[in-house]
Amino acid sequence: MRAVVRQAVRDVRTVPPPPPTDPPADPAVAALRAVVDDLDASTHAIGELMLEVAPAYLSDTDAADVLALLCEQIGEPLEYGLAARRYAMSGDRRALHGTVL
């Protein structure tokens with residue numbers, strides 16, 4: 001069942017956009033971009049996990065009831081877990097604004 005849900009999420013949802021093709025000239029900017037891209041990818045993976053536990057048809061309020069224990073177990077604030085879930089559903093980084101990124 002878990003594999004079916006994970007595959008459906010990947011098939012239906014938009015995956016995070018690829019990094020820009022032109023690397024920045026400044027090495028500090030390039031390093032920062034790499035960190036943000038890694039955080040982006042790991043947050044998307046956490047969001048997929050959240051969707052396995054609280055499917056997309058649940059509202060944030062209903063999902064919060066289901067995800068509270070999971071977030072506590074993995075040491076993630078519930079607000080971040082819900083944001084990661086929204087990000088996995090939409091693929092839009094704006095879902096993370098004010099929480100993770």
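This is a chat about the predicted model shown above.

Reader: Hi! Before we get into details, how many helices and strands are there in the chain?

Author: Hello! The chain has four helices and zero strands. Going along the sequence, the pattern reads α-α-α-α. Please keep in mind that this is a predicted model.

Reader: Thanks. What share of the residues count as buried?

Author: Of the 101 residues in the chain, 27% count as buried. The accessible surface comes to about 6400 Å², and carbon and sulfur atoms hold 61% of that area.

Reader: And what part of the contacts comes from residues 24 or more positions apart?

Author: Such pairs account for 55% of the contacts in the chain with a separation of 6 or more.

Reader: Let's go to helix α2. What span should its 27 residues have, and what do the end C-alpha atoms say?

Author: Helix α2 covers residues 27-53, and at 1.5 Å a residue it should span 39 Å. Its end C-alpha atoms are 40 Å apart, which agrees with that expectation.

Reader: Nice. What caps the N-terminal end of α2?

Author: That is Asp26. One of its side-chain oxygens lies 3.1 Å from the backbone nitrogen of Ala28.

Reader: Which residues of α2 are buried?

Author: They are Asp40, Thr43, His44, Gly47, Glu48, Met50, Leu51 and Glu52.

Reader: Changing topic to charges. How many salt bridges are found in the whole structure?

Author: A search finds five salt bridges. Side chains of opposite charge can pair when their charged atoms come close.

Reader: Which residue does Asp60 meet in a salt bridge?

Author: One partner is Arg85, at 3.2 Å from N to O. That pair links distant parts of the chain, with Asp60 in helix α3 and Arg85 in helix α4, 25 residues apart. Asp60 also forms a salt bridge with Arg86, where the closest N and O atoms are 2.5 Å apart. Asp60 lies in helix α3 and Arg86 in helix α4, so this pair ties together parts that are 26 residues apart in sequence.

Reader: What else takes part in salt bridges?

Author: The side chains of Arg94 and Asp92 meet in one, at 2.5 Å from N to O. Arg94 counts as exposed, with 67% relative accessibility, while Asp92 counts as partly exposed at 26%. There is also a network of salt bridges linking Asp37, Asp40 and Arg93. Asp40 is one of the buried residues of α2.

Reader: Last stop, helix α4. Where is Ala83, and what does Ala83 touch?

Author: Ala83 sits in helix α4, which covers residues 78-90. Not counting residues up to four places away in sequence, Ala83 touches Ala95, Leu96 and Thr99. Ala83 counts as buried because its relative accessibility is 0%.

Reader: How far apart are Ala83 and Asp60?

Author: They are 23 residues apart in sequence and 9.4 Å apart in space, C-alpha to C-alpha.

Reader: And what about Tyr80, where does that one sit?

Author: Tyr80 is also in helix α4, and counts as partly exposed at 29% relative accessibility. From Tyr80 to Thr99 there are 19 residues in sequence and 5.8 Å in space, C-alpha to C-alpha.

Note on methods
Residues numbered from 1 in each chain as written. Predicted model: local features only at pLDDT ≥ 70, side-chain atom pairs only at ≥ 80, totals over all residues. Heavy atoms only, no water. Helix = DSSP H or I, 4+ residues; strand = E, 2+ residues; numbered from the N terminus. Expected span 1.5 Å × (residues − 1). Buried < 20%, exposed > 50% of the residue type's maximum accessible area, 1.4 Å probe, protein only. Polar contact = N/O pair within 3.5 Å; in protein donor to acceptor, adjacent residues only side chain to side chain. Contact = heavy atoms within 4.5 Å. Areas by Shrake-Rupley, 256 points an atom, 1.4 Å probe, with all protein chains shown as cover. Salt bridge = Lys/Arg side-chain N within 4 Å of Asp/Glu carboxyl O.
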